[in-house]
Amino acid sequence: RQAIREQIEEMEDKLLSPMATRSFNSRGRLVEEEPCPIRTAFQRDRDRIVHSKSFRRLKHKTQVFIAPEGDHYRTRLTHTIEVSQVARTAARALRLNEDLTEAIALGHDLGHTPFGHAGEETLNELLPDGFKHNEQSLRVVDYLEGNGGLNLTWEVRDGILHHTGPGVPATPEGQLVRICDRMAYINHDIDDALRGGIIRPEQLPPEETAYLGATGSERLNTMIRDLINNSWGKQQIAVSKELAEVMENLRKFLYDNVYIGSTAKLEERKTKIIIKMLYNYWTEKPQELPPEVRVQSLKYGLERSICDYIAGMTDQYIITVFQDLFVPQPWKS
């Protein structure tokens with residue numbers, strides 16, 4: 001009897017666009033494995049990411065608001081899920097490989113630090129070789145998660161690494177996730193900023209609002225439809241020039257009014273101090289690190305392993321560790 005995986009692979013070949021990535025044509029894994037009889041290589045990657053500790057920790061990592069008290073603000077996990085949803089919608093319409101698209105989307109931010117981009121900026125200043133969250137995401141799936149990494153396929157690893165930064169993903173699915181990541185955060189960061197009273201509806205750029213729509217649903221729908229229409233039957237996945245300009249203008253608006261200097265960012269100075277103090281403390285006293293981190297430092301170096309340890313922490317955990325080390329505790333008789 002033909003394996004279920006082989007049947008799925010045959011359906012992929014028949015139904016997907018000529019530009020789509022076939023799982024049976026994957027460039028393979030870092031370490032060769034026996035194929036799963038049920039799941040394709042990309043389905044297997046998606047499952048490994050979802051079951052990883054790094055993925056679960058995303059629910060307690062900052063997206064924009066640090067330790068938000070409201071239940072409806074995005075976290076790094078809900079951002080990841082939204083990127084996955086947007087990307088899968090577009091992938092299905094374009095007949096691209098949904099499993100590859102979803103695996104890249106779910107894994108793209110696994111290397112993000114506590115406290116969002118403030119944490120990333122701080123580690124980038126501290127680590128001699130610099131720190132980028134996309135590179136750290138790849139490091140997580142290659143080395144740090146589980147027992148020596150998740151051993152994902154080349155295509156998923158390429159999409160994770162190039163979801164941001166100067167490089168371009170090699171697959172159309174990776175290109176799709178890269179665009180949908182920006183679509184998702186532009187849209188939901190506006191939504192969260194409005195909900196938090198950081199900006200008011202009348203402050204939104206009028207031309208961009210008129211182009212995309214007044215509500216989050218309308219904005220996202222306009223973006224997705226543009227992406228699909230502009231990429232249909234093409235090798236390169238891209239939005240139209242008009243939408244690209246609108247998205248860039250909105251991104252600049254968010255940087256000027258939300259990401260930098262707003263009341264949502266008042267606590268960032270404290271978060272940077274926390275990370276710097278912990279990094280310097282463990283650099284001077286490596287014997288105080290957890291045993292598993294000390295073992296890793298023998299392989300990757302002390303500074304790199306301290307960075308890995310801090311980057312993997314959730315917002316609340318790093319605050320707890322900081323309090324244990326630096327805040328005096330009440331004396332109990």
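Reader: Is Cys180 buried or exposed?

Author: This is a predicted model, so start with the cut-off: buried means under 20% relative accessible area. Cys180 has a relative accessible area of 0%, so Cys180 is buried.

Reader: What about Cys36, buried or exposed?

Author: Apply the cut-off again. Cys36 has 10% relative accessibility, so Cys36 counts as buried.

Reader: How many disulfides does the structure hold?

Author: The general idea comes first. A disulfide is a covalent bond between the sulfur atoms of two cysteines. The structure here holds zero disulfides.

Reader: Where is Asp99, and what does Asp99 touch?

Author: Asp99 sits in helix H5. Its relative accessible area is 15%, so Asp99 is buried. Set aside residues up to four places away in sequence. Asp99 then touches Glu12, Thr40, Phe42, Gln43 and Arg46.

Reader: Why is Ile319 partly exposed?

Author: Partly exposed lies between the two cut-offs, 20% and 50%. Ile319 has a relative accessible area of 23%, so Ile319 is partly exposed. Ile319 belongs to helix H16, residues 315-326. Leave out neighbours within four places in sequence, and Ile319 is in contact with Phe115 and Ile274.

Reader: How far apart are Ile319 and Pro114, in sequence and in space?

Author: Read the two distances separately. Along the sequence, Ile319 and Pro114 are 205 residues apart. In space, the C-alpha to C-alpha distance between Ile319 and Pro114 is 9.7 Å.

Reader: Now the nonpolar cores. How many residues has the largest nonpolar core?

Author: The largest nonpolar core has 57 residues. Val156, Leu176, Met183 and Leu227 have the most contacts inside it. Several helices give two or more residues to this core, among them H2 (41-50), H5 (98-107), H8 (154-161) and H11 (216-231).

Reader: Which helix gives the largest share of this core?

Author: Helix H9 does, with 10 residues.

Reader: What is Met183 in contact with?

Author: Skip its neighbours within four places in sequence. Met183 is then in contact with Val86, Leu220, Met223, Ile224, Leu227, Val239, Leu243 and Met247. Another core, of 22 residues, lies apart from the largest one. Trp282, Met313, Ile318 and Val321 are among its residues.

Reader: Next, pockets. How much space lies in the largest pocket?

Author: The idea is simple. Rolling a probe the size of a water molecule over the atoms shows where empty space is left. In this model, the largest pocket holds about 1,000 Å³ of space. Its lining has 43 residues, and the closest to the centre are Thr164, Arg182, Tyr185, Arg251 and Tyr255.

Reader: Which elements give two or more residues to that lining?

Author: They are helices H4 (76-93), H6 (116-126), H7 (133-144), H9 (172-195) and H12 (241-259). H9 supplies the largest share of the lining, seven residues.

Reader: What classes of residue line the largest pocket?

Author: Count by class. The lining has 16 nonpolar, 14 polar and 13 charged residues.

Reader: How much space lies in the second largest pocket?

Author: About 490 Å³. This pocket is lined by 22 residues, and Arg57, Leu144, Asp308, Tyr309 and Gly312 are the closest to its centre. H3 (53-57), H7, H14 (291-300) and H15 (302-311) each supply at least two residues of the lining. By class, this second lining has eight nonpolar, eight polar and six charged residues.

Conventions:
Residues numbered from 1 in each chain as written. Predicted model: local features only at pLDDT ≥ 70, side-chain atom pairs only at ≥ 80, totals over all residues. Heavy atoms only, no water. 1 Å grid on protein atoms, 1.4 Å probe; cavity = no way out; pocket = protein on both sides within 12 Å on 5 of 7 lines; lining within 4 Å. Points joined across faces, edges and corners; volume = space filled by probe spheres on them. Helix = DSSP H or I, 4+ residues; strand = E, 2+ residues; numbered from the N terminus. Nonpolar A, V, L, I, M, F, W, Y, C, P; charged D, E, K, R; others polar. Core = buried A, V, L, I, M, F, W, Y, C linked by side-chain atoms within 4.5 Å. Buried < 20%, exposed > 50% of the residue type's maximum accessible area, 1.4 Å probe, protein only. Contact = heavy atoms within 4.5 Å. Disulfide = S-S within 2.5 Å.
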